Amino acid sequence: MTMDTRDDVPVIELRHVEKHFGDLHVLRDINLKVSRGEVLVVIGPSGSGKSTMCRTINRLETIDSGEILIEGKPLPAEGRELAAMRAELGMVFQSFNLFAHKTILENVTLGPIDVLGMKREDAEKRAMELLARVGVAEQAAKVPAQLSGGQQQRVAIARSLAMNPKAMMFDEPTSALDPEMINEVLDVMVELARGGMTMVVVTHEMNFARRVADRVVFMADGQIVEEGAPDEFFDHPATQRARDFLDSIKGH
Amino acid sequence: MGLSELLSTYGQLYLTGLVTTWWMTAVSFAFVMVLSVAITVMRISPLKPLRLVGDLYVQIFRNIPGVALLVIIVYALPNLRLVLDYRTCVIVTTILMGSAFGSENFMSGINTIGVGQIEAARSLGLTFRQIIQQIVIPQALRSAVLPMTNLLIAVMLTTALGSQVPMSPQELTGVVSYINTRSTGGILAFLIAALGYVGTAAVIGLAGNRLDKKVRILR
C-alpha cells in the first residue's frame, strides 16, 4: 500500500515552467510528469527548448517561474540541498564531460566516494561492475582522451549509474558521436530502459524513440506541442508542426 | 680588477649571494603558490565581494613596479606599527607581485577546463568546495606548469630588489653592488652574477619542461 502511493507520485514533475534567455522565451508553460520506470523521449527541432528543459530538471538551468518537483518535493534552489538532490539524478551530456585529469575508474568512483561517502574499495568494485556492464572495463586505467567518443559516453553513463540515480537525463547523448559509435551507446540505453530505469532522453534518434520510448514529447518554440505513445505520434502526428518536423527528417 | 682577482677576493661572497638568492626565491615561491591558489579561488567563488577583492588584488599588485612596492612596504608599514626587517620586506614584495601573476596563470589554466566538466561534477552532487578541490585546482595546477616555471624565474629575478636595501647576507645583485662600491669590478662583476641567474634559470626551465611533460593533461 505504501509502495503504491509512492509510485503514484511522479519521479519528475514540471508545473508551469517558464524561462527566458534575455528576450528569447525558451520555455513556455511546460507541464510534464515522468512516472517511475517510464522512458520519456523528447524530440523537436533545434532551438525548441528541449535541451534547456532537460537541464532545468537538475537545475543546471534556473527557471523564471513555475515548479519542478522530484518525487513530489520541490527542487532546492542552491547549496547542499541542491547538491544532494542532484546526486539522485543522473545526467549524461552531449559532450561526455568526463574529468580529463582522472582515469576512467576515478571518473566513476569520484561521486560514490566524495558524495555518497562510500569506501574506496567498495566504490572501485562497483565501478568495475558498471564499466563491464557498459563494455569498457578494460579501459579502466586509461584517461578519457585515450578513448573513442562512444567509449567515453558509455563511461559517462556508468559514472551516472554509480550514484544509483532515481532517474537519468540524457541530453542528446549521441549527437557528438561518429555514426559508427551511435549504436554502442544506444544499446546501453536500451538495456537501461529494459532494466526499469526512469529516463528522460532528448534525442534525434527516431528509431530509438520508436523502439524504447513509453511516451514521446514533441517540443517546438519552447512549448510542448504534442505528446503520446511513440507509434501513435510517429504514424499519426496530430499537429501540423509535428508533421512538418517528421517530414523534414525523413527521406535521407 | 680581472676575473681571477674578482673571484679570489669575492668568490665566497658570490657563493653566499647565490645561495641567499636561492633560498629567498624558494621561500617567496612557496608563498606565491599558496597565495595564488587562494586569490584564484576567491576570483571564481560564487560570492561577488570575494571575486571583487580577488580581481582588485591582481590589478593592484600586477601593476605596481617592484621598487615602488618595496619602498611602500619599507616606509609605509612602520606607520601601521608593522616593522619588518629588510629581508622580509623584499620577500613580501616578491610574494605580493608574484601571486598576482600566479593567479593569472591559474585563471588561464582554469579556462581550459571547460564548463562541461564543472556541470558534470555539479550533476554528481559535488559541492562547490569539492569541485574546486577535485576538478578545478588539480587541472589548473597541471596545465599551469610552464607559465609557473616562467614565474619562478621571474620571482628569482625579483629578489634582486634586495640590492636596494641593507641585508646581511646579501643576495646576488646586492653582492655586485657591494663589490662595485668598493673596487672597480665594472661589467665583469655583473657578468659573474648574471651567470648565477642564467644557470639557475636554465635548470628551472629544464625541470619545468620535464614536469610539464609528465603531468600534462591529454585533451
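Author: Start with the pocket. On a 1 Å grid over the protein atoms alone, a pocket is an open set of points with protein on both sides within 12 Å along at least five of seven lines; a cavity is a set of points where a 1.4 Å probe fits but cannot get out, and lining residues have an atom within 4 Å of a point. Grid points are joined across faces, edges and corners, and a volume is the space filled by probe spheres set on the points. This is a predicted model: local features need pLDDT of at least 70, side-chain atom pairs count only at pLDDT 80 or more, and totals for chains, interfaces and linings use all residues. Residues are numbered from 1 along each chain as its sequence is written, chains are lettered from A and ligands numbered from 1 in the order written, and side-chain values use heavy atoms, without hydrogens and water.

Reader: What volume does the second largest pocket have, and which residues line it?

Author: Its volume is about 270 Å³. The lining is H204(A), E205(A), M206(A), N207(A), R210(A), F234(A), L246(A), I249(A) and K250(A). α8(A) gives the most, with 3 residues. Helices (H or I, at least four residues) and strands (E, at least two) are DSSP runs, numbered from the N terminus.

Reader: How does the lining of the second largest pocket divide into nonpolar, polar and charged?

Author: It has 4 nonpolar, 2 polar and 3 charged residues. Ala, Val, Leu, Ile, Met, Phe, Trp, Tyr, Cys and Pro count as nonpolar, Asp, Glu, Lys and Arg as charged, and the others, Gly among them, as polar.

Reader: How much space lies in the largest pocket?

Author: About 680 Å³. Of its 26 lining residues, the closest to the centre are R86(A), P46(B), R122(B), F128(B) and I131(B). Two or more residues each come from α3 (79-87) of chain A and from α5 (115-123) and α6 (128-143) of chain B. The lining of the largest pocket divides into 15 nonpolar, 5 polar and 6 charged residues.

Reader: What class does D29(A) fall into?

Author: D29(A) is at 40%, so it counts as partly exposed. D29(A) belongs to strand β2 (residues 24-34) of chain A. Phi of D29(A) is also positive, near 45°.

Reader: What makes β6 and β10 of chain A edge strands?

Author: The open sheet has 6 strands in the order β6-β7-β8-β3-β9-β10 (chain A), with mixed pairing. β6 and β10 (223-228) each have a single partner strand, so one side of each is left without a neighbour in the sheet.

Reader: How do you know that β3 and β9 of chain A pair?

Author: Two strands pair if DSSP finds at least two bridges between them. β3 (residues 39-43) and β9 (residues 215-220) of chain A are joined by 4 bridges, so they pair, and they run parallel. V41(A) stands opposite V216(A) in β9(A).

Reader: What makes the bond between S168(B) and P169(B) stand out?

Author: The peptide bond is cis, with omega about -5°. P169(B) is in the loop between α7 (145-158) and α8 (172-182) of chain B.

Note on methods
Buried means under 20% relative accessible area, exposed over 50%, partly exposed in between (1.4 Å probe, protein chains only).
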